Amino acid sequence: MGGPGMLDFLETVASSFIGSECAETLIGRGELLDPSCLKVLLVKGVGFALILGSMLVRVPQILAIYNGGGVEGLSMASIYADVPSYLLAVLYHALQGNPFSAWGELAFLLLQSVIILGQCWYYRKASFTEVFVAMSVAACMIGGSSSLPLEKRSLLLVATLPFNFAARGGQVWANFRQGHTGRLSGISTALNFLGAAARVFTTAIEVKGDLWALTVVAIGATWNGILLSQILVYRKATREALEQGEKDKQKLKTS
């Protein structure tokens with residue numbers, strides 16, 4: 001009795017992740033090599049792995065800012081654009097009812113982006129007006145998104161594109177202009193790139209027919225790839241710039 005009962009329990013749990021049909025195939029009937037269900041299992045596994053990884057993907061950037069005591073080299077335009085880009089994408093997928101395994105990492109990246117923005121406000125001594133306006137815009141986005149009719153929800157993803165361009169393009173341009181990448185974390189950028197590249201694969205399978213969702217993640221992966229290449233190309237100049245920045249800080253303290 002215990003054996004069948006346990007199988008029924010596992011099948012019930014599995015159905016919430018891979019669907020009742022594949023749960024019955026893999027567990028109920030024991031067809032462990034069923035190609036279509038193995039594909040579903042792979043995609044779901046990658047999706048949840050991305051979500052778990054996203055919980056820490058920007059922690060190196062957060063620590064780099066905290067340990068460095070500043071936000072040198074980071075583009076404020078990029079940081080400000082990051083938050084609405086993730087926020088709109090989260091709102092879209094949540095309203096559409098897409099499986100959490102297809103977009104869950106966006107929620108954690110949004111949270112970490114908000115923390116980084118808070119660090120920038122702290123170290124730059126942002127004014128009350130700046131903080132208030134930013135929070136008001138976010139509130140309007142949330143309120144406006146929830147009132148959109150079903151046929152207009154794709155506009156939420158369309159709206160992420162200019163923010164995505166500002167977030168990544170702004171940082172790319174800032175790196176090019178200053179000739180180094182400042183405190184931009186190589187670990188976080190590499191993880192972002194790998195995660196975005198894997199998400200292109202899972203989105204194509206899990207959110208079938210949603211061309212906008214696929215386009216947005218593909219563009220995001222491209223931008224992260226460009227940023228990663230800049231970190232590699234400018235690594236020597238970045239090291240020298242940060243060393244000079246520390247020397248300048250010490251001079252100010254002793255003067």
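Across the interface of domain 1 and domain 2, two salt bridges are found (a side-chain nitrogen of Lys or Arg within 4 Å of a carboxyl oxygen of Asp or Glu). The side chains of Asp82 and Arg168 form a salt bridge with an N to O distance of 2.9 Å. The model is predicted: local features require pLDDT of at least 70 and side-chain atom pairs pLDDT 80 or more, whereas totals for chains, interfaces and linings use all residues. Residues are numbered from 1 along each chain as its sequence is written, and side-chain values use heavy atoms, with hydrogens and water left out.

An automatic or database domain assignment places domain 1 at residues 56-148 and domain 2 at residues 153-254. Their centres, taken over C-alpha atoms, are 14 Å apart. Contact, defined as heavy atoms within 4.5 Å, involves 36 residues of domain 1 and 32 residues of domain 2. The buried area (accessible area, 1.4 Å probe, that two parts lose on being put together, summed over both) is about 2,800 Å², and carbon and sulfur atoms give 55% of it.

The UniProt record, an unreviewed entry, lists "transmembrane region" for residues 41-59, 106-124, 131-148 and 211-234; such annotations may be inferred rather than shown by experiment. With helices taken as DSSP runs (H or I, at least four residues) and strands likewise (E, at least two), residues 106-124 are 100% helix and 0% strand, with end C-alpha atoms 26 Å apart. Residues 41-59 are 79% helix and 0% strand, and their end C-alpha atoms are separated by 29 Å.
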